[in-house]
Amino acid sequence: MKKFLWVLLIAVSFFIKAVTVFGAEASKTSKTKAKELKPANVKVMTSETDSDESQSSEGESNASEMKIQNNITFGQVSSPIDYAQRADSPGNQVNTSEPPQSNKNNKVGNNSTEVQSSQTRNVGIALIPMAGGTMYQGRWNNHIRNNYTLGAALELSIIPLLSLEAEVAQGRYYISYSGYGHNFTQYTYGGSAKFYLTRGIVQTYLGGGVLGLTYQNMTYGINSNSTFDRTVGAGQFLAGAEIALSNQVSLGVRGSYIAPLFNRVNAMNNGNYAYPSFEEYSAMDTAMYRLMGSLKISL
């Protein structure tokens with residue numbers, strides 16, 4: 001038990017340190033990308049060249065040629081006299097009105113807004129309240145009933161396809177066997193890494209991590225007059241999907257498989273059933289499935 005608590009304390013410390021470092025890096029990266037995506041000012045320059053040529057008759061040996069070239073920048077005319085001379089020249093029509101903005105500029109602005117909105121939704125910190133149920137695997141499936149499971153997670157997006165998540169949960173259960181039954185509470189806490197397969201309106205992901213399962217109000221069987229608490233280390237594999245309702249809010253569902261891995265109890269069973277007074281040890285050494293609905297709120 002003490003070894004597990006030390007391992008858990010070191011793991012939590014490492015996770016907090018990683019969250020702090022990666023959070024700072026993610027903030028720098030998002031600011032750099034925002035500066036790169038800022039659309040540059042576009043200045044439209046128009047050049048207008050008109051050429052008039054006149055040629056003498058075939059008998060004349062010398063030909064005269066006149067070229068008139070005008071470079072006009074809208075809104076900048078050197079002098080009224082020069083402007084009048086250019087306006088009187090044949091073929092020169094000066095448009096003093098400001099040209100309409102190009103559609104390309106609008107597209108650049110819209111694309112920049114969409115990219116920034118996507119980054120706001122995919123990169124950062126999010127709070128995820130959860131509610132659902134847990135079902136034990138194997139023979140204990142018919143002997144343990146989950147009344148409810150409530151939880152919350154804090155997700156830190158490192159890059160658009162990778163996130164770290166810290167979660168806590170509480171579940172209330174009823175266990176019964178051999179005509180005996182009672183309630184017990186299970187607390188879940190730990191961390192996971194989530195790898196996103198898709199990003200956008202619909203987001204899907206796979207993940208895995210390590211959890212601690214603390215059982216409270218457990219007993220030694222039918223003739224037990226006392227209760228005890230026990231903490232078991234477990235691994236978690238999870239998968240889920242989310243639908244973005246807005247840039248800050250997503251609605252999702254997630255399923256996980258949780259199996260005891262370390263600090264396991266000695267169930268003292270004969271392969272089919274646990275020996276008397278070890279029934280609940282066997283229950284704590286059993287894997288489980290968990291299905292939760294989630295509401296993701298980006299902070």
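The legends below describe several close-up views of a predicted model.

**View 1. Order of the secondary structure elements along the chain.** In this predicted model, the chain contains four helices and ten strands. Read from the N terminus, these elements follow the order α-β-β-α-α-β-β-β-β-β-β-β-α-β. Of the 299 residues in the chain, 32% are buried.

**View 2. The closed barrel of eight strands.** The strands are arranged as a closed barrel in the order β3-β4-β5-β6-β7-β8-β9-β10, and their pairing is antiparallel. On average, and with direction ignored, neighbouring strands of this sheet are turned by 25° against each other. In a regular strand, side chains alternate between the two faces of the sheet.

**View 3. Strand β3 between its partners β4 and β10.** Strand β3, which covers residues 125-136, pairs with strand β4, residues 144-159, in the antiparallel sense through eight bridges. Within this pairing, Ile125 is placed opposite Leu156 of β4. Strand β3 is also joined to strand β10, residues 288-298, by nine bridges, and these two strands likewise run antiparallel. Here the residue opposite Gly133 is Leu291 of β10.

View 4. Strands β4 and β5 are paired in the antiparallel sense, with 14 bridges between them. Along the paired stretch, Leu150 has Gln170 in β5 as its bridge partner.

View 5. Strand β6, residues 180-198, and strand β7, residues 202-219, run antiparallel and are joined by 13 bridges. Tyr189 stands opposite Gly212, a residue of β7. Asn217 also lies in strand β7, and its phi is near 70°, a positive value in a residue that is not glycine. With a relative accessible area of 33%, Asn217 is partly exposed, because the partly exposed class lies between the limits of 20% for buried and 50% for exposed.

View 6. The structure holds one cavity of 30 Å³ or more, and the volume of the largest cavity is about 70 Å³. Rolling a probe the size of a water molecule over the atoms shows where empty space is left. The lining of the largest cavity consists of Met130, Glu167, Ala169, Gln236, Arg254, Ser256, Arg290 and Met292. Two or more of these lining residues are given by each of β5 (162-177), β9 (249-262) and β10. Sorted by class, the lining comprises three nonpolar, two polar and three charged residues.

**View 7. The largest nonpolar core.** The largest nonpolar core has 20 residues, of which Tyr136, Trp140, Ile144, Ile175, Phe184, Tyr215 and Met284 touch the most other members. At least two residues of this core come from each of β5, β6, β7, β8 (227-244) and α4 (279-284). Strand β7 supplies the largest share of the core, with four residues.

View 8. Ala234 is a residue of strand β8. The relative accessibility of Ala234 is 0%, so it counts as buried, the limit for that class being under 20% relative accessible area. Although Ala234 and Arg264 are 30 residues apart along the chain, a distance of 8.8 Å separates their C-alpha atoms.

View 9. Asn263 is located in the loop between β9 and α4. Its phi is positive, at about 55°, although Asn263 is not a glycine. A positive phi is also found at Asn217, where the value is near 70°, but that residue lies in strand β7, whereas Asn263 belongs to a loop.

Methods: Residues numbered from 1 in each chain as written. Predicted model: local features only at pLDDT ≥ 70, side-chain atom pairs only at ≥ 80, totals over all residues. Heavy atoms only, no water. Pairing = 2+ DSSP bridges. Axes fitted to C-alpha atoms, helices over the stretch in contact; angles between N-to-C directions. 1 Å grid on protein atoms, 1.4 Å probe; cavity = no way out; pocket = protein on both sides within 12 Å on 5 of 7 lines; lining within 4 Å. Points joined across faces, edges and corners; volume = space filled by probe spheres on them. Nonpolar A, V, L, I, M, F, W, Y, C, P; charged D, E, K, R; others polar. Core = buried A, V, L, I, M, F, W, Y, C linked by side-chain atoms within 4.5 Å. Buried < 20%, exposed > 50% of the residue type's maximum accessible area, 1.4 Å probe, protein only.
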